[in-house]
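Hi everyone, thanks for coming. Today I'd like to walk you through some side-chain contacts. Please have a look at this with me.

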Amino acid sequence: MASRLPPAALKSGDTLRSAYVPARVDLSVIVPTFNERGNVERLIAALDVALAGVAWQVIFVDDDSPDGTAAAVKAIAVHDSRVQCLRRVGRRGLAGAVIEGAMASAAPFIAVIDGDMQHDEALLPAMFNALRDDLADLVIGSRFLQADGLDRGLSAVRKAGSRGAAWLGRKALRAQVSDPVSGFFMIRRDLVETVAPRLSTDGFKVLFDIIASQTTPPRILEMSYAFREREAGTSKLDSRVVVDYAGLVLSKLTRDVLSVRALLFALVGATGILVHMSVLSLLMTAGHSDFSRAQILAALVAMTSNYFINNALTYRDRRRKGWRLATGYVQFCIVCSVGLAANYAVAGLVEQWVPGWILAGAVGAAVGAVWNYVISTLTVW
Ligand code: GDD
Ligand code: MN
């Protein structure tokens with residue numbers, strides 16, 4: 001039997017290989033947190049009760065919350081070795097936090113649970129048994145398994161939104177998962193390790209992303225639970241998270257041919273066409289008879305709105321601010337003007353080979369759009 005302490009004090013020249021054998025860990029519970037200080041102690045106590053008999057640890061991954069969540073976790077971690085805290089600085093994002101927590105684990109299984117007590121930790125032992133007995137590769141805590149819905153902890157708008165998101169997710173995954181955007185699940189760690197480099201690090205859809213990235217469809221078990229009301233703090237899910245999720249679903253539907261960023265760029269480009277046409281028609285009907293001048297003005301307005309929307313949405317992780325916002329604007333206008341010239345030139349060439357405006361127009365526009373996207377990504381953002 002390995003004892004936890006050296007048998008006696010070492011004498012000069014002695015070498016002792018550590019006899020200390022740390023307890024094994026079968027389950028790492030990953031808890032992403034942002035401003036959850038008020039919930040930390042409560043959650044650890046709840047895990048302690050729920051996971052009695054399981055060799056577990058909990059890894060809080062905190063994005064340097066201003067409310068001092070990390071300090072609250074560390075105050076407990078100092079005397080409870082099952083509790084760990086990964087304080088990330090200079091970064092934000094639920095998905096990235098979950099991934100990094102999983103990467104810090106060496107346990108065969110990992111669970112992900114919100115830090116705000118909205119998920120029911122009492123489900124954890126059943127989830128764990130299912131994985132340990134190799135009945136499944138992934139167990140999802142679902143809010144929607146029962147017809148009446150166990151999502152009373154959500155507002156009506158959120159309820160409709162997450163049901164819509166779940167429906168869309170099912171279509172994209174081609175899997176019958178009732179709650180593919182659940183933030184509550186348990187999974188074999190190796191399934192996350194293999195796909196980790198390909199996962200997106202922002203937004204709320206890490207489970208969806210993990211499932212979609214698997215090469216062999218995992219065996220999924222869903223377990224129903226009732227989503228509780230938040231006890232302390234506030235929700236961080238906002239409209240950007242929704243846009244982000246829509247982008248990911250779209251890119252999965254196109255089988256990863258198009259990246260989320262490219263799709264957002266294309267969507268913003270489409271709004272640019274609308275802006276352009278509205279400004280143009282406004283100027284023309286306002287008696288502004290000089291068409292080419294109106295056309296240039298409309299293009300400028302569209303470029304301007306595209307720039308600011310792209311900066312806020314498509315490239316929000318590298319958003320330009322202050323003086324760089326102005327210089328980026330000039331760069332973007334130059335890039336897009338070159339794109340327009342390329343569009344025009346290519347369309348002219350195609351038209352010589354294959355007469356008719358449809359193919360020429362489409363090829364020209366495609367070349368221009370790809371140019372705008374690639375060059376903007378490389379130079380402006
Ligand atoms: N580290 C880190 N970084 N944690 C974050 C971040 C972040 O940027 N944003 C949110 N969190 C943490 C919160 O502190 C909480 O523990 C958990 O992630 C979930 O965030 P909430 O803000 O409470 O999400 P929600 O309750 O509105 O959303 C619920 O439904 C979503 C699907 O509709 C959650 O269950 C989500 O997990 C789920 O994806
Ligand atoms: Mn929550």
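I'll talk about aromatic rings, then charged rings partners, then salt bridges and a surface patch. Please keep in mind that this is a predicted model.

Let's start with the rings. A search of the whole structure turns up 11 aromatic pairs. Take F265 and Y315: their ring centres are 6.4 Å apart and their planes stand at 80°, so we call this pair edge-to-face. F265 belongs to helix α9, while Y315 sits in the loop between α10 and α11, 50 residues apart, and so here we have a link between distant parts of the chain. Both F265 and Y315 are buried.

Now, how are the rings of Y307 and F332 arranged? Their centres are 5.6 Å apart with the planes at 45°, so this pair is tilted. Y307 is in helix α10 and F332 in helix α11, so the pair ties together parts that are 25 residues apart in sequence. Y307 is buried, at 0% relative accessibility, and F332 is buried too, at 1%. If you'd like to trace the ring pairs yourself, they link F265, Y307, F308, Y315, Y329, F332, Y373 and W381 into a cluster.

The charged end of R92 sits over the ring of F34, 3.6 Å from the ring centre. R143 lies over the face of F227, at 5.4 Å from the ring centre.

R143 brings us to salt bridges. Side chains of opposite charge can pair when their charged atoms come close. The count in this model is 20 salt bridges. In one of them, R143 meets D179, with 2.9 Å from N to O. Those two are in separate loops, R143 between β5 and α5, and D179 between α5 and β6. Are R143 and D179 buried or exposed? R143 counts as buried at 6% relative accessibility, and D179 counts as buried at 0%.

R230 is partly exposed, at 21%, whereas D116 is buried, at 3%. There is also a network of salt bridges, linking D134, D137, R188, D190 and R219.

Last stop, the surface. V330, I334, V338 and W371 form a nonpolar patch there, with about 340 Å² of accessible area together. Helix α11 contributes 3 residues, the largest share of the patch, and W371 is found in helix α12. W371 is partly exposed, with a relative accessible area of 32%.

Methods:
Residues are numbered from 1 along each chain as its sequence is written. Chains are lettered from A and ligands numbered from 1 in the order in which they are written. This is a predicted model: local features need pLDDT of at least 70, side-chain atom pairs count only at pLDDT 80 or more; totals for chains, interfaces and linings use all residues. Side-chain values use heavy atoms; hydrogens and water are left out. Rings of Phe, Tyr and Trp (its six-membered ring) pair if their centres lie within 6.5 Å; planes under 30 degrees apart count as stacked, over 60 as edge-to-face and the rest as tilted. Helices (H or I, at least four residues) and strands (E, at least two) are DSSP runs, numbered from the N terminus. Buried means under 20% relative accessible area, exposed over 50%, partly exposed in between (1.4 Å probe, protein chains only). A charge sits over a ring if NZ of Lys or CZ of Arg is within 6 Å of the ring centre and within 35 degrees of the ring normal. Patches are made of residues with over 30% relative accessible area and no salt bridge: like charges are joined within 9 Å, nonpolar side chains (Val, Leu, Ile, Met, Phe, Trp, Tyr) within 5 Å. Accessible areas come from the Shrake-Rupley method with a 1.4 Å probe; for residues, only the protein chains shown count as cover. A salt bridge is a side-chain nitrogen of Lys or Arg within 4 Å of a carboxyl oxygen of Asp or Glu.
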